[in-house]
Every structure is written in C-alpha cells, then in structure tokens.
Amino acid sequence: EMTKSLEHKQWYQRRVRGVSFLGKVYNLTPLAEKYAGSILLKPILSAAGKDISHWFLVNGTNKSDFDPQIRTHIDAKTGCEVPHTPQGRFIHIPPAYPSASWANDFGTPWWKDESYCIGHLSSKTRKIRIINTLTSQEHTIEVCGEETLEEILNRFYKYNQHAASYTWKYNGLNLEMTKSLEQNGVKDEDEDFYELNFNEEDWLPAIHIYFNDDLTEA
C-alpha cells in the first residue's frame, strides 16, 4: 500500500523507530526491540523519522532487482574495502577488524529484509472529493498519485464500511479499480491552479460512488 506524506508524519509520531530509504518506508520497531540495549542500535535510533538513502547504493534498475548495498570505502589503515558508516557502525554491519565476538548468523540484514517494509514514498500527493450519491455525504481525502482506486477504496473504509458495495465513477464513467487516478483520466491539475492563482480546494476532482442496490442508478 502506498504511504502518503501526511500519513508519514502521523506514523513517525507514533513509531519513533521508522525510517525511509530508496523510496520505501520501514518500521524498524521489531528490530529495535530485538537488539534493545545494543550500542549498534544508536545510529538507527538517531535516524528515526528521517530518510537514510545516503547510507546505501542500490543494484538493479527494476523494482524486482531491488538490492540495497551499504556504501563502502577504503580503510586508511588496512587498505581494505569496508562499510562506510560515518554515523557509526550499526546493526548487522561487521566490525572493521576481525573479532571473535562478531556473529554473522542473523540471516538477512535488516536493510534487505522486506518484512520491515510497510509502504512506499510517493513522488506527489493530491486531494480528491468522494461523493456518496445515496447519502449525499462528501469526504475530501489526500491520496498518492501512484495509488490505485482499490488502494484508495481500502482507505475509504474508515468513512464507509460498505465502500466495496459501490460503483465508483468520474464524469459518469466507471473507474477501473486496478488503475490509478491518472490512468483513469482523472488529471492532477493543482499545479495549473497554482499558476492561475486559483484555490485548488475549490476545484478538486469529484469521484461519485453509487450504491449497487440503488434502483435509481443510471
């Protein structure tokens, strides 16, 4: 599920051990609980609520190839390539020199463990109005440009528990729920409104939802 900017702020307030990197958002609370008391946790706690993409390089250009790698540098003393951690060595990073206390039996390092991933950063958010034609109720919600209508519907359940029992339309045409707003022809024009000095709140696109058992539906 996509994660929008407002939700990021609210989530960071609740989850002080959340970070983002390379376009994804991670809840590292389980990791912090597992390694509670470890000095190696300090850099992660210090980065709470921040983007740490600069810690990593990514291999592959496709999402399926997502393989973040820790940045490295040449150690001045040994001449060896070692992890570059100016913020301090952190969980799952080996020590710079051989150590009998180092255990590498943890499996997948946390930055490659997708079980910590809770969503994606959005390149842009936008607002829409959702109008219930049965009850005349109207709600304005902020969504990610990348979100599909199905994902928007899932978040709309907090306003209407029967949201899936409605047909969603824009300008009288049924929306394809597996596609985004843009893919459905619902253009994001807020930049144009800004240039024209229009109040975007007055020009938000309206999505109309029709109850499927409503006999008055066209």
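## Glu114 and Lys24

Glu114 and Lys24 pair up through their side chains in a salt bridge, 2.9 Å from N to O; the term covers a side-chain nitrogen of Lys or Arg within 4 Å of a carboxyl oxygen of Asp or Glu. Lys24 sits in strand β3 (residues 24–27) and Glu114 in the loop between β7 (81–83) and β8 (117–121), so this contact ties together parts 90 residues apart in sequence. Helices (H or I, at least four residues) and strands (E, at least two) are DSSP runs, numbered from the N terminus.

Lys24 is buried at 12% relative accessibility, while Glu114 is partly exposed at 38%. Buried here means under 20% relative accessible area, exposed over 50%, and partly exposed in between (1.4 Å probe, protein chains only).

## About the model

This is a predicted model, where local features need pLDDT of at least 70, side-chain atom pairs count only at pLDDT 80 or more, and totals for chains, interfaces and linings use all residues. Residues are numbered from 1 along each chain as its sequence is written, and side-chain values use heavy atoms, leaving out hydrogens and water.

## Two further pairs

A search of the whole structure turns up seven salt bridges. One of them joins Lys124 to Asp188 at 2.9 Å, N to O. Lys124 is in the loop between β8 and β9 (125–132) and Asp188 in the loop between β12 (173–174) and α5 (190–195), 64 residues apart. Lys124 is partly exposed at 29%, and Asp188 is partly exposed at 24%.

Glu201 and Lys127 also form a salt bridge (2.9 Å, N to O). Glu201 comes out partly exposed at 37%, and Lys127 partly exposed at 32%.
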